[in-house]
Amino acid sequence: MDVLQCYLLAAVLVFAASLEAGHKATSDEVWTRMDADGDGFATRDELKSFTVGERVRDLRKDTEKQWKYYELGPGEKLTFERYAKKVYPKEDKFGHSSKTKEQERRRFHVSDANNDGALDKEEFMAFEYAEEYPHMHDIVMLETMEDMDKNGDGVLNFAEFTDDEEGMEEGPEAEKIFKQFDKDGDGQLNRAEVKQWILGPSSEAAQEDEDSVSIVLANMDKDKDGKLSREEIAADPKMIEDQLMYEEEEYNHDEF
């Protein structure tokens with residue numbers, strides 16, 4: 001047996017072992033999503049799309065759970081009345097305010113892309129996880145300003161930024177972040193600056209995805225061709241699972 005045959009045999013054995021171990025990353029279903037164009041390799045762009053898709057898949061799983069919570073069938077839509085009946089019961093032990101309810105009614109309307117008065121699952125995802133959807137970013141910023149702009153002047157001063165009820169805890173970290181987003185240095189945050197602040201985690205998530213793909217390629221791309229074969233993935237499926245696949249999380253409201 002020559003060197004090439006030995007290498008191929010070893011790759012096959014590693015691949016078979018990873019399948020036997022039950023790693024999700026080596027399943028046909030995951031590979032099909034990873035190798036989007038079906039050419040037998042997962043490129044950097046395909047890996048980035050895959051990990052973003054994994055995050056959306058988790059949101060969809062949670063949406064399915066919430067559909068059951070709202071007692072909706074697979075093809076039914078959620079009205080605000082049904083939503084409010086669950087979230088804002090007559091005896092509200094969660095202390096929701098009428099202001100919060102009206103903010104959610106407005107967000108519900110913005111999420112209703114076809115203006116039919118009810119949300120399908122995709123529209124509900126935009127309502128529930130607004131930070132993930134660019135067309136919802138303005139409404140997130142508006143809600144933040146309504147909650148934190150106590151004097152109603154359209155900007156946040158440092159006292160409002162560190163308000164006990166809505167803001168950050170006052171201290172060096174808060175000062176650092178306030179200065180970071182006060183781009184014009186006028187001692188207050190305008191709406192554009194507030195938007196950058198509150199949506200920072202979304203940008204950070206995108207960068208984390210990029211960094212995770214770089215880590216995967218640096219460690220698993222043995223032939224340094226800038227893409228992964230299925231055999232390369234089978235050699236260390238746990239790295240794929242740790243770096244690119246999201247564990248199922250709960251995105252529920254407090255009352256769930």
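Mentor: Among contacts in the chain between residues at least 6 apart in sequence, 56% join residues at least 24 apart. Keep in mind that this is a predicted model. The chain holds 13 helices and six strands, and buried residues make up 38% of its 256 residues.

Trainee: Which residues make the contact between H4 and H5?

Mentor: H4 contributes Phe-80, Tyr-83, Ala-84 and Val-87, while H5 contributes Lys-101, Glu-104, Arg-105 and Phe-108. By class, that is five nonpolar residues, three charged and no polar.

Trainee: Now H7 and H10. What makes H7 roughly perpendicular to H10?

Mentor: Their axes cross at roughly 105° and come within 9 Å. The range for roughly perpendicular is 65 to 115 degrees, so H7 is roughly perpendicular to H10.

Trainee: Which residues of H7 and H10 meet?

Mentor: From H7 there are His-137, Asp-138, Val-140, Met-141, Leu-142, Thr-144, Met-145 and Met-148; from H10, Arg-191, Val-194, Lys-195, Trp-197 and Ile-198. This contact divides into eight nonpolar residues, two polar and three charged.

Trainee: Which members of the largest nonpolar core touch the most other members?

Mentor: Of its 23 residues, those are Met-136, Leu-156, Phe-161, Leu-189, Val-194, Trp-197 and Ile-198. At least two residues each come from H6 (121-128), H7 (137-148), H9 (172-181) and H10 (191-198), and H7 gives the most, with five.

Trainee: What does Val-194 touch, not counting residues up to four places away in sequence?

Mentor: Val-194 touches Met-141, Thr-144, Met-145, Leu-156 and Leu-189. Another core, of 17 residues, lies apart from the largest one, and its members include Ala-25, Val-30, Met-34 and Leu-217.

Trainee: And what qualifies a residue such as Leu-217 for a core?

Mentor: A core member has to be buried, that is, under 20% relative accessible area, and joined to others through side-chain atoms within 4.5 Å.

Note on methods
Residues numbered from 1 in each chain as written. Predicted model: local features only at pLDDT ≥ 70, side-chain atom pairs only at ≥ 80, totals over all residues. Heavy atoms only, no water. Contact = heavy atoms within 4.5 Å. Helix = DSSP H or I, 4+ residues; strand = E, 2+ residues; numbered from the N terminus. Nonpolar A, V, L, I, M, F, W, Y, C, P; charged D, E, K, R; others polar. Buried < 20%, exposed > 50% of the residue type's maximum accessible area, 1.4 Å probe, protein only. Axes fitted to C-alpha atoms, helices over the stretch in contact; angles between N-to-C directions. Parallel < 35°, antiparallel > 145°, perpendicular 65-115°, else oblique.
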